[in-house]
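This report is an introduction for a reader who is meeting the structure for the first time. Please look over the sequence and the model before reading on.

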Amino acid sequence: MAAVKLTKNEQKKQKDSLKRYQRYLPTLMLKKQQLQMVIRQVEQKIRDIEAKQKRLRDDLAEWIAVFGEDVGIGELIRIKAVDREMGNIAGVDIPVFRELLFDTIPYDLFEKPLWVDKGVVALKEISALDAEIEILRQQADLLGEELRITTQRVNLFEKVKIPETKKNIRKIQIYLSDQQTASVVRGKIAKNKIVRVS
């Protein structure tokens with residue numbers, strides 16, 4: 001940082017800066033706490049969905065094992081689009097999952113086994129959960145990046161700017177106080193010289 005001018009104007013400027021830093025710091029700390037809380041919630045939601053997905057797969061595995069034939073069930077499902085919207089958490093724009101849209105692929109009910117209907121529904125549900133997890137991970141990444149930036153700002157204000165500004169104010173106050181004392185002493189010396197001369 002450049003050398004601080006030891007003037008009253010600089011002292012006022014430093015005091016104004018200190019007030020501004022102290023006013024913004026609580027807001028940044030609140031944002032940091034909110035981001036940490038939301039990231040924990042997103043991570044918990046991911047774990048919950050992964051657990052639900054595992055239960056679905058386990059249920060599928062039990063009854064699919066009974067049917068050894070391959071009926072090309074994967075060809076009966078085609079993803080059309082991921083429906084999502086944008087949300088905002090603590091000033092961060094994040095994608096929010098709404099639903100996974102599928103193309104309707106007709107198939108002959110007489111050619112396919114009875115369990116295909118249930119399999120198609122289950123695969124759609126698992127695919128939707130995959131899409132939701134992917135969007136939640138994007139949310140966590142975006143929020144994590146914002147948390148990193150906010151933490152840097154909090155540290156900058158807390159550990160650098162505020163202590164530096166306080167030090168500058170103290171340095172200016174000492175200098176101005178010394179100048180005032182020196183001015184008074186010079187005035188008394190000048191007065192004593194005038195008194196001696198007259």
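## Helices and strands

Helices here are DSSP runs of H or I with at least four residues, strands are runs of E with at least two, and the numbering starts from the N terminus. The model is predicted, and every element named below should be read with that in mind. Glu146, to which the report returns, lies in helix H2, while Gln41 is found in helix H1.

Strand S1, made of residues 78-89, and strand S2, made of residues 92-103, run antiparallel and are joined by eleven bridges. Within this pairing, Val82 stands opposite Leu100 in S2. The hairpin that S1 and S2 form has two residues between the strands, and Ala90 takes a positive phi near 55° there.

When neighbours within four places in sequence are left aside, Ile46 is in contact with Ile133, Leu136 and Arg137.

Gln41 is partly exposed, with a relative accessible area of 48%. Gln41 and Ala140 are 99 residues apart in sequence, yet their C-alpha atoms are 9.5 Å apart in space.

## Aromatic rings

The structure holds one aromatic pair. The ring centres of Tyr21 and Phe157 are 5.2 Å apart and the ring planes stand at 65°, and because planes over 60 degrees apart count as edge-to-face, the pair is assigned to that class. Tyr21 lies in helix H1, which covers residues 8-64, and Phe157 lies in helix H2, which covers residues 115-197, so the pair ties together parts that are 136 residues apart in sequence. Tyr21 and Phe157 are both buried.

Two arginines also lie over ring faces: Arg20 lies over the face of Tyr21, at 5.9 Å from the ring centre, and Arg23 lies over the face of Tyr24, at 5.2 Å from the ring centre.

## Salt bridges

The structure holds ten salt bridges. In one of them the side chains of Glu146 and Lys31 meet at 2.7 Å, N to O, and this pair links distant parts of the chain, with Glu146 in helix H2 and Lys31 in helix H1, 115 residues apart. Glu146 has a relative accessibility of 17% and therefore counts as buried, since the limit for that class is under 20%, whereas Lys31 is partly exposed, with a relative accessible area of 21%. Leaving aside neighbours within four places in sequence, Glu146 is in contact with Lys31, Leu35 and Val92.

In another salt bridge, the side chains of Asp130 and Arg57 meet at 3.9 Å, N to O, and here too distant parts of the chain are linked, with Asp130 in helix H2 and Arg57 in helix H1, 73 residues apart. Asp130 counts as partly exposed at 36% relative accessibility, and Arg57 is partly exposed, with a relative accessible area of 41%. The side chains of Asp83 and Arg98 also meet in a salt bridge, at 3.9 Å, N to O. Asp83 lies in strand S1 and Arg98 in strand S2, so the pair ties together parts that are 15 residues apart in sequence. Salt bridges with shared partners join Asp83, Glu85 and Arg98 into one network.

Technical notes: Residues are numbered from 1 along each chain as its sequence is written. This is a predicted model: local features need pLDDT of at least 70, side-chain atom pairs count only at pLDDT 80 or more; totals for chains, interfaces and linings use all residues. Side-chain values use heavy atoms; hydrogens and water are left out. Two strands pair if DSSP finds at least two bridges between them. Rings of Phe, Tyr and Trp (its six-membered ring) pair if their centres lie within 6.5 Å; planes under 30 degrees apart count as stacked, over 60 as edge-to-face and the rest as tilted. Buried means under 20% relative accessible area, exposed over 50%, partly exposed in between (1.4 Å probe, protein chains only). A charge sits over a ring if NZ of Lys or CZ of Arg is within 6 Å of the ring centre and within 35 degrees of the ring normal. Contact means heavy atoms within 4.5 Å. A salt bridge is a side-chain nitrogen of Lys or Arg within 4 Å of a carboxyl oxygen of Asp or Glu.
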